[in-house]
Amino acid sequence: VILEDVLRHAWRAIAGNRQRSLLTMLGILIGIASVILLTSLGEGTRLYVLNEFTQFGTNLVAINPGKTETTGMPGAMGGTVHPLTLADAETLRRIPGVETVVPVVMGAAPVETGGRTRNVFIYGVTHDAPRAWRFGVRVGRFLPEGDPRTGSPLTVLGPTLKRELFGDRNALGEHVRIAGERFTVIGVMEPKGQFLGLDIDDAAYVPVALGQPMFNRDDLQEVDLLISSTANVDSLTARTKRILIQRHHGDEDFTITTQTEMLATLDRVIRVVSLAVAGIGGISLLVGAIGILTMMWIAVNERTAEIGLAKALGATPGQILVLYLSEAALLSLSGGILGLAAGMGAAWLLGLLVPALPVKTPIVYVILALVVSLGVGLASGLLPARRAARLDPVEALASE
Amino acid sequence: MSDVDLIRFAAGSLRGHRLRSWLSLTGVAIGVASVILLTSLGEGARLYVTGEFSSLGTNLIIVIPGKTETLGATPFVSTAPRDLTVADADALQREIPAIRKVAPIALGTGPIEYQGRERESVVVGTTHEMMEVRKFDLGVGRFIPEGVRDAPVCVLGRKLVSELFGHRNPLGEMVRIGGANFRVIGVLAPRGTSLGMDMDQVAEIPVETGLRLFNRSSLFRILAEVRSPMEMEAAKKRVVAVLAERHGEEDVTALTQDAVLATFQKILAVLTLALGGIAAISLTVAGIGIMNVMLVSVSERTREIGLLKAVGVTRGQILGIFLVEAAVLSSGGGLAGLAAGIGAGRLLTHFVPDFPVQPPVWAVVAALTVSIAVGILFGLLPARRAARLDPVAALMRQRA
């Protein structure tokens, strides 16, 4: 009953000065709406990017050549510049927990057939690449199994490349020239779409053994390990590292990146960025809070006589404090609710108008927005409410 | 009534309600300060990037092997079927008069070793011309001599020297790079990080030696310095044409330094505007706060306004009084915010001296203009209400 009374009193005070209250709420509304909109964009981007990366599977461990680090160990075995080789990749296959190993060499080269030419990325890989990267073959089959050190002139085309070169015609069994060499098309991949703006369907896959001479190198750009579970990823990378260091005469001249580790880093970066942006948007919330403080201060001044009367009639300072605090909180919370609606509405509209823009309002932020607006009201109402509570009834009544 | 009296009237109201005036002012100040700080950061980033690029050299054309339809990724994957060779670089120098100097780059990483101490570092294979094209300064000794393409000599970065040699003189000493012996002939002057690469940790060796060391036949890049900025575009076209003729097809990408820089600057400008804009939302909220306070002030002084009108003050003058009051509030806030924003920027520069934080002139002008405009815009409604008051009704009204 008392809570109801308090709320009714607060509501009457707010409604009694409608224009003033609406303007005050508008401040909070704008603040909450912009924070909600910005965090929605941030969360949408985060989910989009994570999704882009997990489409290759999370059980992937990538090894790239090169590392900059001081070793400075006395007596360390000096060595040549050790690139990653096919032999390195084959050794890693024997580690328990490694399902398969895909050696990768890549580069750009023209693919031509029947007078049409297209410059695309060429990936030199092995039979297991679709499994490791979660690709599917739409027509035909992928590169055959066998010794990675040898390979037949066979190629699998990405769907975009296939369409550009062959249109709707059947490509299977046709010949294409890649970097001047003749290859037979044995398959077309399923569309995979864009990866962070890059069309990964605009590519061709050849056996790694043929990709190396094509780009005139006998090392690899990357070795991908598909592991059976992410549970033992740490021991597995440690083991991989040990084996490679041994093979490279004591040099750790490579870098191991696990998919989970990379995802975690990305996740963290995006979270920080979207938090920072939301924080900048939140500045307006602070300004809105100052607005509440100002208006409540004015209200207390205006109602000095009224407060004096209430006190003379036996209202305790605590009751007065609660009364004015709840007025401020109610103002702010209503602004917050309206702002939440406006922000979510704007986010939804944005998602509708620009479908490419990922937008998502997480429920946590919705609750947080309400809590924050309530908190803002209480914090900014504290000073005026305390002033009201401490008014001396006699002086207050006399002030009229 | 004279204008001075009117201004005194407005000032009196500001002074009479000190807290309320200060609070409104603070709102604007917070908004302006955050806009100034964010645009300062953006401007700092722009200056930083521009500085990095100009430290790269001037009037540079960067030639990258390979050409793809998906151009965005070309710079990262530098393997193309046809090699970019040292002979190509010589041809550019020979055949294009607009080009002053050409420096080929072969890039790799490898261990550098001296008496048991080892450091994994970036090794750049290049020629004498590199020093002029990239405007290197030599600390001691000399750079790769003119015309030397293949010799077991190296020039080391400052940090590399201090890590491998400590305080000893490195000149004339033998180091092992990737297993081969090299004589140190020079040390570069400290240069710091340039485009993410720590130039003080780089070892430079003759270009052919570098290609052999990394077992590559293709250069990583060719840098060409053009005589004058006017000839950039023509020279760029000639570079592509000359190389297309030599390779039988167009298979390289040529970028001008300006184009790359312009792209970066565009991205940064958009980012700065976006963040500044988000921060500027708080100015709207501050404006609403001013409007609210002014509305209260108008209703409190209804009788006074009625009196002023009764003694013959015109509507325009009343409007003026309240607009001036609002403008004083908001421009005062704007000035305070400007000072706070610049101060915060200075503080930041103090802690991070490498990053030049300073507000762009346009942002300072815009912030002050906007803050005054905010006051006038949001003051308009209350001022008009005051101006339109009926003197008789206003005088009759009892104060609440």
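**A loop in chain A, and what lies beyond it**

A: The loop between helix H4 (129-133) and strand S4 (137-140) of chain A holds A:Arg134. The model is a predicted one. Although A:Arg134 is not a glycine, its phi is positive, at about 60°. A second residue of this kind is A:Ala179, which is not a glycine either and has a positive phi of about 50°. A:Ala179 sits in the loop between strand S6 (175-178) and strand S7 (181-189) of chain A. Its relative accessibility is 26%, so A:Ala179 counts as partly exposed. A positive phi is also found in chain B, at B:Gly248, where the angle is near 85°.

B:Gly248 follows helix H7 of chain B, and that helix may be considered next. H7(B) covers residues 232-247, which makes 16 residues. From its first C-alpha to its last, H7(B) reaches 22 Å, close to the 22 Å expected at 1.5 Å a residue. Its buried residues include B:Met232, B:Ala235, B:Val239, B:Leu243 and B:His247. Among the elements of chain B that cover these buried residues are strand S1 (60-65), helix H3 (86-95), strand S2 (99-114) and H8.

Charged side chains come next. Side chains of opposite charge can pair when their charged atoms come close. Over all chains, the count of salt bridges comes to 25. One of them joins the side chains of A:Arg46 and A:Glu43, with 3.0 Å from N to O. These two residues are three places apart in helix H2 of chain A, so about one helical turn separates them. In general, an α-helix has 3.6 residues a turn, so residues three or four places apart point the same way. A:Arg46 has a relative accessibility of 11% and therefore counts as buried. A:Glu43, at 10%, counts as buried too.

A:Arg46 also forms a salt bridge with A:Asp267, and here the closest N and O atoms are 2.5 Å apart. This pair links distant parts of the chain, because A:Arg46 is in helix H2 of chain A while A:Asp267 is in helix H8 of chain A, 221 residues away. A:Asp267 is buried, since its relative accessible area is 17% and the cut-off for buried is under 20%.

Another salt bridge is formed by A:Arg247 and A:Asp88, whose closest N and O atoms are 2.5 Å apart. A:Arg247 belongs to helix H7 (residues 233-247) of chain A and A:Asp88 to helix H3 (residues 86-92) of chain A, so the pair ties together parts that lie 159 residues apart in sequence.

A:Leu266 and A:Leu50 are 216 residues apart in sequence, yet their C-alpha atoms are 7.8 Å apart in space. Leaving out residues up to four places away in sequence, A:Leu266 touches A:Val49 and A:Phe53.

The nonpolar residues complete the account. In soluble globular proteins, nonpolar side chains tend to be buried together. The largest nonpolar core here has 45 residues, and B:Ile318 and B:Phe322 touch the most other members. Both chains contribute: the elements that give two or more residues include helix H2 (18-54) and helix H8 (259-302) of chain A, and helix H10 (315-351) and helix H11 (361-387) of chain B. The most comes from H8(B), with eleven residues. Beyond its neighbours within four places in sequence, B:Phe322 is in contact with residues including B:Met294, B:Val298, B:Ile305 and B:Ala383. Another core lies apart from this one and has 38 residues, including A:Val120, A:Leu165, A:Val185 and A:Leu225.

Some nonpolar residues are instead found at the surface. A:Trp348, A:Leu349, A:Leu352, A:Leu353, A:Val354 and A:Leu357 make a nonpolar surface patch of about 620 Å². A:Trp348 lies in helix H10 (residues 317-353) of chain A. Its relative accessibility is 56%, and over 50% counts as exposed, so A:Trp348 is exposed.

How values were computed
Residues are numbered from 1 along each chain as its sequence is written. Chains are lettered from A and ligands numbered from 1 in the order in which they are written. This is a predicted model: local features need pLDDT of at least 70, side-chain atom pairs count only at pLDDT 80 or more; totals for chains, interfaces and linings use all residues. Side-chain values use heavy atoms; hydrogens and water are left out. A nonpolar core is a set of buried Ala, Val, Leu, Ile, Met, Phe, Trp, Tyr and Cys residues joined through side-chain atoms within 4.5 Å. Buried means under 20% relative accessible area, exposed over 50%, partly exposed in between (1.4 Å probe, protein chains only). Helices (H or I, at least four residues) and strands (E, at least two) are DSSP runs, numbered from the N terminus. Contact means heavy atoms within 4.5 Å. The expected span of a helix is 1.5 Å times one less than its number of residues. Patches are made of residues with over 30% relative accessible area and no salt bridge: like charges are joined within 9 Å, nonpolar side chains (Val, Leu, Ile, Met, Phe, Trp, Tyr) within 5 Å. Accessible areas come from the Shrake-Rupley method with a 1.4 Å probe; for residues, only the protein chains shown count as cover. A salt bridge is a side-chain nitrogen of Lys or Arg within 4 Å of a carboxyl oxygen of Asp or Glu.
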